[in-house]
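Visitor: I'm new to this one and would like a walk through it. Can we put it on screen and start?

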Amino acid sequence: MKTRIEPYKIKVVEPIPVTTRAVRERALEQASWNLFRLPADLVTIDLLTDSGVTAMSARQWSGLLSGDEAYAGSHSFLRFEEAVRTLTGYAHVIPTHQGRAAERLLFETIVHCGDLVPGNTHFDTTRANIEHVGATAIDLPIAAARVPSLDLPFKGDLDLGRLEALLEATPRARVPLVVVTVTSNGCGGQPVSIENLRAVRGLCDRFGVGLYLDAARFAENAWMIRQREAAWSGRTPREIARAMFDLADGCLMSAKKDGLVNIGGFLALRDGALAEELKRMMVLGEGFPTYGGLAGRDLEAMACGLEEVLDPAYLADRIAQVADLGDRLHAAGVPTVRPPGGHAIYLDSRAFAPHLGPLDLPGQSLACALYLHAGVRSVEIGQLMRGRNASPTEEPVDLDLVRLAIPRRVYTCCQLDYVAEAVTDVYAAREALLPLEIVEQPPALRHFGARLRPRRAPAPREPTRTNGASVGQA
Ligand SMILES: Cc1ncc(COP(=O)(O)O)c(C=O)c1O
């Protein structure tokens, strides 16, 4: 059969808000042109993130009821611990309330002021936690990762030459670990190959440095290895995931992605002495080591999610759903990061709206236009998120992207067709995208709280379509 069907049926439904253009215009104005400030009940299709927004399965929901809330040694912890051990092969498993708590715990314990922590491309919170202890997070993506239109199978790979040069030039004691993020969220959800991971392992062994995976999207990475790395084509996702974990000393996990849960995370590792130290530290902030800031029911749901995520039917559908959206936009001429990522499609805002300069915030303008046109919420990953001082002298950042992150098991193919239509409509009317300016910004993480406005009044409205969408102008 040629038609791809979702490998699940829907048991519980949640209505999604269908709004008019006039309502969205008012909402965006009230939100100061910042989509983080919008009430979610005015968003029709929410592609702000794929994190913590997964639809859980009937098995996971029933696990919530059988969760054991004992403070110490609950059977839900033992089941969770076994699931992580079976998946990773790591003996020591430490639950945390989400991924960044695992980062904080590990880095506060083994990273010191003045250290360097190289990686393929660190996620924001990973970078922030490294910098929090006075160390420097160093991104070493391959050069191709910086060229959105280049279509290569493993744009998440780490640049081996630059890693080798860094390890040669730096005293061993100043590099406590290397972190490889699978898939690389910072590089467009692109996968890392086993070949690259093996080579990184080789360098880490040669220089005596530990290697950790940021495994938030390990299953999506495993599936893309199966599709793209010839030596692994006949292997199961579980075998490939295990091969990835085998090459590292431990992992940091935000289970809000490939754990298929709404909250949860963990640290897992081989080193028993370090695990004991981490457990002592975690009591200060996260909780007792057998619950780690979570309820027993959350551990139960996570154990189940870590098994379900490796189902080949689920992964085939998941990766194809995202790829279909990316391929459809690409075929319509919309500039996107190629190839499609595992969890998201990234629009190249500067190529999308070449009439806007980098300081006109083209990504934010595009994200707002998509919301105004069809109620689709995306997120700008560009000048607004990564730029700093909001003045005419602000440095342009290297890439200006808009991310359409696809929640797991939440939206149907038809709903993603609606998204594709919305993006192509806005692309057809792209000259109407308005320059935006920042009116007010908080001192850190400005994209969450900034207030913005268009530099000139929006163009006159076009007629509203029956589904509430109208050809976009922002
Ligand atoms: C690659 C990666 N690492 C770590 C995190 C942080 O995880 P959490 O949001 O669970 O704290 C994220 C979150 O999006 C991520 O994408």
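Visitor: What covers the buried residues of H5?
Guide: The cover includes H4, strand S3 (116-119), strand S4 (136-139), strand S5 (177-181) and strand S6 (210-214). Helices (H or I, at least four residues) and strands (E, at least two) are DSSP runs, numbered from the N terminus. This is a predicted model, where local features need pLDDT of at least 70 and side-chain atom pairs count only at pLDDT 80 or more, while totals for chains, interfaces and linings use all residues. Residues are numbered from 1 along each chain as its sequence is written.

Visitor: Which residues of H5 are buried?
Guide: Thr126, Arg127, Asn129 and Ile130 are the buried residues of H5. They span an arc of only 165 degrees around the axis, so they sit on the same side of H5. The arc is that of the directions from the helix axis to the C-beta atoms. Buried means that 20 or more other C-beta atoms lie within 10 Å of the residue's own, exposed means 12 or fewer, and partly exposed is in between, with C-beta atoms placed from the backbone.

Visitor: What comes just after H5?
Guide: Gly134, with a positive phi of about 85 degrees.

Visitor: On to the ligand. How many residues surround it?
Guide: There are 14, and the closest are Gln98, Gly99, Arg100, Phe123 and Ser254. A residue counts as near if its C-beta atom, placed from the backbone, lies within 6 Å of the molecule.

Visitor: Which helices supply at least two residues of that shell?
Guide: Helix H4 (99-110) and helix H5 (124-132) each do.

Visitor: And how do the shell residues divide into nonpolar, polar and charged?
Guide: Two are nonpolar, nine polar and three charged. In this scheme Ala, Val, Leu, Ile, Met, Phe, Trp, Tyr, Cys and Pro count as nonpolar, Asp, Glu, Lys and Arg as charged, and the others, Gly among them, as polar.

Visitor: You listed Gly99. Is that one buried or exposed?
Guide: Gly99 counts as buried because it has 27 C-beta neighbours inside 10 Å. Its place is in helix H4.

Visitor: What does Gly99 touch?
Guide: Leaving out residues up to four places away in sequence, Gly99 touches Thr125, Ala216, Leu252, Met253, Ser254 and Gly265. Contact here means C-beta atoms, placed from the backbone, within 7 Å. Gly99 and Lys256 are 157 residues apart in sequence, yet 8.0 Å apart in space, C-alpha to C-alpha.

Visitor: Which way do the residues of S12 point?
Guide: Leu401, Arg403 and Ala405 point one way, Val402 and Leu404 the other way, and all are buried.

Note on methods
Two residues are in contact if their C-beta atoms, placed from the backbone, lie within 7 Å.
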